[in-house]
Amino acid sequence: SINSVEILRILEKPLGLMEIRRVLRMASALARERNAKQQKLMAIDETLAFLAHELNAPLETIGFVAHEMQNLEPNTEVSRVELNNFATSVANNAHYCLSVLNTFVASIRNSSTSSVEGTGSTAQQLIASLLATYPLSLLERGMIQVEVRDDFLVRTMPNCVALVLSSVLSNALHAVQGRADAKISFGVTVEEQPQIFITDNGIGMSQDALHRLLNDPTAPNAESQSSHGWGMIFCKRVMQSFGGGIVIWSEPNRGTTVTLNFPAN
């Protein structure tokens with residue numbers, strides 16, 4: 001019985017109130033420590049799964065482009081436009097891989113420097129870290145604004161939330177590409193519940209395209225903001241794994257707003 005239930009202490013009679021309180025405090029601290037370790041293991045599992053799927057699609061695209069170029073006939077004429085398309089495809093996908101890895105490394109560093117177990121990071125800190133590590137051009141950085149009305153602490157799986165933010169930012173940058181008035185806004189509020197929202201004035205999506213993006217990533221969709229169909233599925237799964245959620249509003253040619261809902265602390 002002792003071995004199967006991992007008994008912490010056996011108290012001998014006569015029982016003293018102070019001793020009972022001391023042992024209960026010890027048991028409570030041990031339970032919190034075990035829970036924190038369990039949350040870390042969950043975060044690692046989710047993060048690795050997220051990374052595997054997020055990096056798989058762009059790396060496959062890079063490999064496909066390289067294969068196509070290698071298999072060109074020696075005398076085949078390739079126009080500058082075609083070469084530019086090849087180069088742009090490789091550059092965009094490599095850029096995305098780099099952004100995901102940078103965000104992951106930064107989130108790990110931030111969590112490892114935290115001196116208090118399970119303290120997490122604030123929403124504003126996660127956004128600041130993302131913008132500091134994401135490989136943005138000067139033009140891209142200039143179009144991004146951040147408004148923090150009321151900050152809050154992201155206690156559970158901040159590493160995974162950092163990757164969610166990276167994926168949503170990548171989609172937003174893709175959506176506003178080529179627009180002279182391109183604008184992306186990050187916002188943090190706790191008015192109704194803790195929320196981070198990301199708004200862009202890009203190409204937007206129809207309701208049908210949005211439904212496919214969140215529920216059927218295998219369906220081909222020319223309207224989708226991102227070429228990494230599984231990305232939003234994992235964003236949704238990560239947020240739901242700790243009691244949060246993700247809501248997306250979008251209309252063609254009117255932009256998109258992604259809202260990350262967090263449980264109240």
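This is a predicted model: local features need pLDDT of at least 70, side-chain atom pairs count only at pLDDT 80 or more; totals for chains, interfaces and linings use all residues.
Let me begin with Cys160, which is buried because its relative accessible area is 2%, where buried means under 20% relative accessible area, exposed means over 50%, and partly exposed is in between, with a 1.4 Å probe and protein chains only. Cys235 also counts as buried, at 0% relative accessibility. As for disulfides, the structure holds zero, a disulfide being a pair of cysteine sulfur atoms within 2.5 Å.

Residues are numbered from 1 along each chain as its sequence is written, and side-chain values use heavy atoms, with hydrogens and water left out.

Now to the aromatic rings. A pair of aromatic rings is described by the distance of the centres and the angle of the planes. Rings of Phe, Tyr and Trp (for Trp, its six-membered ring) pair if their centres lie within 6.5 Å, and planes under 30 degrees apart count as stacked, over 60 as edge-to-face and the rest as tilted. How many aromatic pairs does the structure hold? The structure holds two. In one of them, the rings of Phe152 and Phe262 have their centres 5.2 Å apart and their planes at 55°, so this pair is tilted. Phe152 lies in the loop between β2 (144-148) and β3 (153-154), whereas Phe262 lies in the segment after β7, so the pair ties together parts that are 110 residues apart in sequence.

Phe242 is buried, as is Phe262, and ring pairs link Phe152, Phe242 and Phe262 into a cluster.

Which residues is Thr122 in contact with, leaving aside its neighbours within four places in sequence? They are Asp151, Phe152, Leu153 and Val154, where contact means heavy atoms within 4.5 Å. With Asp151, the side chain of Thr122 makes a polar contact, side chain to side chain, at 3.2 Å. A polar contact is a pair of N or O atoms within 3.5 Å; within protein, one must be able to donate a hydrogen and the other to accept it, and residues adjacent in sequence count only if both atoms are side-chain atoms.

Asp181 sits in the loop between α6 (158-176) and β4 (184-189), and counts as partly exposed because its relative accessibility is 47%. A polar contact of 3.3 Å joins the side chains of Asp181 and Arg179.

Finally, two details of the backbone. A cis peptide bond joins Lys13 and Pro14, with omega about -5°, and Pro14 is found in the loop between α1 (2-5) and α2 (17-70). Asn253, although it is not a glycine, has a positive phi of about 65°, and Asn253 is exposed, with a relative accessible area of 63%.

Definitions and conventions. Helices (H or I, at least four residues) and strands (E, at least two) are DSSP runs, numbered from the N terminus.
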